[in-house]
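Open the model in your viewer and keep the selection tool at hand. The stops below go from one selection to the next.

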Amino acid sequence: MRPLTEEETRVMFEKIAKYIGENLQLLVDRPDGTYCFRLHNDRVYYVSEMILKLAANISGDKLVSLGTCFGKFTKTHKFRLHVTALDFLAPYAKGFGVAAKSTQDCRKVDPMAIVVFHQADIGEYIRHEETLT
């Protein structure tokens with residue numbers, strides 16, 4: 001487990017900033033302690049510094065994971081977010097979802113139509129199960 005290089009940090013922060021923008025600073029400086037990102041086996045983990053100090057006693061080859069996996073670096077050095085990062089990104093996201101209609105359809109749709117499926121709301125399916133088609 002090692003800290004990210006400057007290039008790895010830049011690539012990862014650019015990807016996360018696409019979803020949460022300026023709220024990226026809130027991930028690192030939290031009121032409940034300082035959190036950091038560490039790289040292990042091409043995967044980036046989000047972990048508190050307190051737990052990171054405790055894990056220093058474990059050798060790198062015995063360590064499977066630590067903290068929450070935010071994503072991984074591909075062989076071409078691109079960063080891919082994992083679904084486990086959703087719980088940390090969703091509260092800060094401006095709009096986290098998938099388009100339900102094309103741009104052309106959005107221009108002529110009525111104001112009450114669904115345009116984006118909000119993927120960060122896990123309980124939406126259960127709350128509206130009877131109305132979903």
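**Stop 1**

Select Ile51, which is partly exposed at a relative accessible area of 38%; here buried means under 20%, exposed over 50% and partly exposed in between, with a 1.4 Å probe and protein chains only. This is a predicted model, in which local features need pLDDT of at least 70 and side-chain atom pairs count only at pLDDT 80 or more, while totals for chains, interfaces and linings use all residues. Residues are numbered from 1 along each chain as its sequence is written, and side-chain values use heavy atoms, with hydrogens and water left out.

Ile51 lies in helix α3 (residues 49–54); helices are DSSP runs of H or I with at least four residues, strands are runs of E with at least two, and both are numbered from the N terminus.

**Stop 2: helix α1**

Select residues 6–20, the 15 residues of α1, which reach 20 Å from first C-alpha to last, close to the 21 Å expected at 1.5 Å a residue. Colour Glu8, Val11, Met12, Lys15, Ile16 and Ile20, the buried residues of α1. They lie on the same side of the helix because they cover an arc of only 155 degrees around the axis, taken from the directions from the helix axis to the C-beta atoms. On the other side of α1, Glu6 and Lys18 are exposed. Just after the helix, Gly21 has a positive phi of about 60 degrees.

**Stop 3: the core**

Show Met12, Ile16, Leu27, Val44, Phe70 and Phe73, which touch the most other members among the 18 residues of the largest nonpolar core. A nonpolar core is a set of buried Ala, Val, Leu, Ile, Met, Phe, Trp, Tyr and Cys residues joined through side-chain atoms within 4.5 Å. Helix α1 gives the largest share, four residues.

**Stop 4: salt bridges**

The whole structure holds four salt bridges, each a side-chain nitrogen of Lys or Arg within 4 Å of a carboxyl oxygen of Asp or Glu. Select Glu8 and Arg2, whose closest N and O atoms are 2.9 Å apart. Glu8 is buried at 16% relative accessibility, whereas Arg2 is partly exposed at 34%. Finish with Arg30 and Asp32, a salt bridge with its closest N and O atoms 2.9 Å apart.

Terms used: Expected span 1.5 Å × (residues − 1).
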